[in-house]
Amino acid sequence: MKKLRYAVIGTGALGGFYGGMLAHAGNEVHFLFHSDYDYVRENGLKVDSVTGDFHLNKINAYNSTAQMPPCDVVFVCLKTNNNKMLAQILPPLLHEKTCVILIQNGLHIESNLAVDFPNLSIAGGMAFICSNKIGKGHIAHLDYGKLTVGSYQGENEALLKQVCRDLEAANVPAAYSDNLEESRWKKLVWNIPYNGMCVVLNTTTERLMQNKETYDLIHDLMLEVIGAANACGVRIEEGFAKDMLDSTLRMKPYAPSMKLDYDFKRPLEIGAIYSEPLSAARKVGFEMPKVAMLEQQLHFIQDGYC
């Protein structure tokens, strides 16, 4: 198959890492920047990674998609709160076979995009990674890194599998999932407890794991999410919660993305990560009381009462 041309929308902790790794391996990657544009045009993109540091001195950097070429694959790595912009910024990047991969957290984000782009090839990307943006054009990859991709709409299985091969060749673990909904719920098993609790308790993952009460609460939250997934027709074994707990115990000390958003006074992704799963579960008669309370606490914080 021909070499794929990639675009990255949102060159932060995820887009900077995955796009940077692909570019470092020799793939053609075009990056959209916002506040970092002038700096990166002058200084390039730096990635500090547990797999090896590198510096891309010259990259294809843009501050508008109108200046970017149509691409075969578009990685959308924006926070879901910004997805309302996609209707305007995606069209210049699209040709008739472009696949847009939403590397984002939450539920129903693909179906929301499909409302504006009913004929677009759309996929989801679930990143299990510890990565932060620590400065202008500077990404720190601390641990893990696997990206799982699955199709939502369009005949894109062959292309998604090529994306996985390109990532693997760039030293990024990648896998194709034939059940996107299951993969989304599995990611929520981790995201819902750790993102919210790190904000509400103003802490990090390792401190939550060191305390018996918070460890047990995380387990309870995970079981609620698994129960909701099963009620929605997605089969996840309860033992998956223990797998996630064990993975986090091995993880280097980490502040998840929502904690960083809280620290830097950015909007929290409450809708996609909490409200959508709660709504989906309620529609089939399943309640997640502890998850619902966490959502309410996050709204309290988001509204500026803390």
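Which helix holds both D263 and K259, and how many residues apart are they?

## The α10 pair

Both residues lie in helix α10, which spans residues 257-263. They sit 4 residues apart, about one turn of the helix. This is a predicted model. In it, the side chains of D263 and K259 meet in a salt bridge, with N to O at 2.8 Å.

K259 has a relative accessible area of 7%, so it counts as buried. D263 reaches 39% and therefore counts as partly exposed.

## The α8 pair

K212 forms a salt bridge with D216. The closest N and O atoms are 2.6 Å apart. Both residues belong to helix α8, residues 212-231. Their spacing is 4 residues, about one turn of the helix.

K212 is exposed because its relative accessibility is 57%, over the 50% cut-off. D216, at 31%, is partly exposed.

## The α9 pair

Helix α9 covers residues 239-250 and contains both K242 and D246. Again the separation is 4 residues, about one turn of the helix. K242 and D246 form a salt bridge, and the closest N and O atoms are 3.0 Å apart.

Here both partners are partly exposed: K242 has a relative accessible area of 41%, and D246 has 24%.

## Overall count

Side chains of opposite charge can pair when their charged atoms come close. The count for this model comes to 15 salt bridges. Among them are K212 with D216, K242 with D246, and D263 with K259.

Notes
Residues numbered from 1 in each chain as written. Predicted model: local features only at pLDDT ≥ 70, side-chain atom pairs only at ≥ 80, totals over all residues. Heavy atoms only, no water. Salt bridge = Lys/Arg side-chain N within 4 Å of Asp/Glu carboxyl O. Helix = DSSP H or I, 4+ residues; strand = E, 2+ residues; numbered from the N terminus. Buried < 20%, exposed > 50% of the residue type's maximum accessible area, 1.4 Å probe, protein only.
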